[in-house]
Amino acid sequence: MRPGDIAIVGAAESTDIGTVPNVSSTGLALDGAANALADAGLTAKDIDGITTGYFPVADISRQLGIFPKWCDNTVVGGCSWMFQLRNAAAAISAGYCNTVLITYGESGRSTRHLTNSGDFGVRGGMAQQFDLLYGAGMPAAMFCLPVVRYMRDYGLTEEQLAYVAVAQRKWAALTPRASRREPLTVSDVLNSPMVTWPIRRDMCCLVSDAGGALVVTSADRAKDFPRPPVYLLGSGGGLEAGLASPAGVRDPLHPEFIRTSGRAAFEAAGITHGDVDHLMIYDAFAHNPIFGLEGLGFVGRGEAGAFIAEGHTEPGGNLPMNTNGGGMSYAHTGAYGMLCMLESIRQVRGEAAAQIPDVDIAVCHGWGGFWSACSTLVFGAQRP
Amino acid sequence: MAHPLVPVPTPETQPYWDGVAAGELRLPRCQDCATAYFPPSPICPNCTSRAIEWFTASGDASLYSYVLHQRPAKLWNADGPMSVALIALAEGPMVLSTVIGCPQTPESLVLDMPLRATFTPFEEIKVLAFVPAEARS
């Protein structure tokens, strides 16, 4: 597979996102899938491969009327759909199928009792035996464990951590579909309720309902579709922890799996950091973009907090990041990977709410499993 | 059936839980490469050897990093915030646990402070916890 051999030819969110009462996770996935198929000018009969994330393949396939000859249900947490895109690209290149629908839906807010959000708590599993009892039910207790040590080692301040949320709110203000658009200050963030010290509510992602889907095929066919194709130039992935928490990560402040993933994606795409016009770094919590910027090599160790505080990633900055407002302001269902990719794709197509001019190269980086997996994707407007 | 948060041992992890019940922190160690590791596995994660032995760890540890969970699970019967901590065992592995026997405040919980393993009731069993090394729970 060469850079740009695979293209995204359909991409859409569910019709409504945010608070969507009376629609189940499955319903959100089906709605997003139908929207993505319409975006591509296709029907279910045109699809011969599918990925369904947390759902049984048969549930989604059957309800859409798809009879796939290839499927993938890789589940590693929030970035699972990014891994699935990578796998779909490989499957299409291998000739296993031609056109893949990648589906996602999660009613993280309204009908959680019907939602299977990737069960880390399987009885007898490592996380159930050794992790979940301590940080029970709260990603903020697991995901944020490295933050205090990072603050001590690098001098990251609470104000800088809060500013990550402030910078992203500036993008959300430009984005009508974002759930939280009102202005936000560092003082607001630092006065919001404590959740898991030193993490406060406004440093945490939202809890939302949303779905979305992608249609992926060979770039040789990409010009046949109604919307501008978005080419997959490179991809990477990395997994490290054997537990749900960062207890399984060898170096929690500088995880190797971030470098592994980023290096693979950048090398495959043949790009350097200076080529990147637009960046998404999955923000389940305010520190995630800091760790991502450093792990991916955009800045040096200990530099990302100041980099964001200096305005480089906000509107008008030279590295626009999380331009939908991110999980902290746009929407976050429980697994944000699909929404993260969809903003990258809108930016490359030129149809984002807070559109950056001339996005030729976009990098999208997502996390999974509270800090045990990640994936990096490089999207391009042109086939090299 | 027990509450879903109560750990369920497997045959491969049973020696660890037998140790907990006996008030000892037992870890697996590879007889070929001498690596002590966690979580338990019948295969050494360093060299893929099957020659595994269990030993009683020193219980010495230090505080790597943590959060103060403002709403811990009811099963802990906590009357306020509870530390959730990454703890570096003297033998090398990192574990997730909690530090008890001291105020649950940033002032009391200082990174790299020496800790000692202890075991604390959790529903019908005991689970691993840590106390400041100078204290005794």
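1. In chain A, the residues A:Ser80, A:Trp81 and A:Met82 of H3(A) meet A:Gly337, A:Met338 and A:Met341 of H13(A). The residues of this contact divide into four nonpolar, two polar and no charged. The model is a predicted one.

2. The geometry of that pair is as follows. Helix H3 of chain A covers residues 80-94 and helix H13 of chain A covers residues 337-349; they pack at an angle of about 60°. The axes of the two helices are 7 Å apart.

3. The largest nonpolar core has 168 residues. The members that touch the most other members are A:Ala36, A:Leu101, A:Ile199, A:Val216, A:Phe285, A:Phe379 and B:Ile87. Helix H7 of chain A, residues 158-172, gives the most to this core, with nine residues. Domain 1 (12-57) and domain 2 (58-137) of chain B both give residues to the core, so it lies between them. As background, nonpolar side chains in soluble globular proteins tend to be buried together.

4. Chain B is assigned two domains, domain 1 (12-57) and domain 2 (58-137). Nine residues of domain 1 of chain B are in contact with twelve residues of domain 2 of chain B. On the side of domain 1 of chain B that touches domain 2, the residues divide into eight nonpolar, one polar and no charged. The C-alpha centres of these two domains of chain B lie 21 Å apart.

5. Chain B contains one helix and seven strands. Along the sequence of chain B the pattern is α-β-β-β-β-β-β-β. Among contacts in chain B between residues at least 6 apart in sequence, 50% join residues at least 24 apart.

6. On overall dimensions, the C-alpha trace of chain B spans about 45 × 40 × 20 Å along its principal axes. The radius of gyration of chain B is 15 Å, which agrees with the value near 14 Å that a compact globule of 137 residues would have. Of the 137 residues in chain B, 34% are buried.

Methods. Residues numbered from 1 in each chain as written. Chains lettered and ligands numbered in written order. Predicted model: local features only at pLDDT ≥ 70, side-chain atom pairs only at ≥ 80, totals over all residues. Domains from an automatic or database assignment. Contact = placed C-beta atoms within 7 Å. Nonpolar A, V, L, I, M, F, W, Y, C, P; charged D, E, K, R; others polar. Helix = DSSP H or I, 4+ residues; strand = E, 2+ residues; numbered from the N terminus. Rg over C-alpha atoms; globule rule 2.2 N^0.38 Å. Buried ≥ 20, exposed ≤ 12 C-beta atoms within 10 Å, placed from the backbone. Core = buried A, V, L, I, M, F, W, Y, C linked by C-beta atoms within 7 Å. Axes fitted to C-alpha atoms, helices over the stretch in contact; angles between N-to-C directions.
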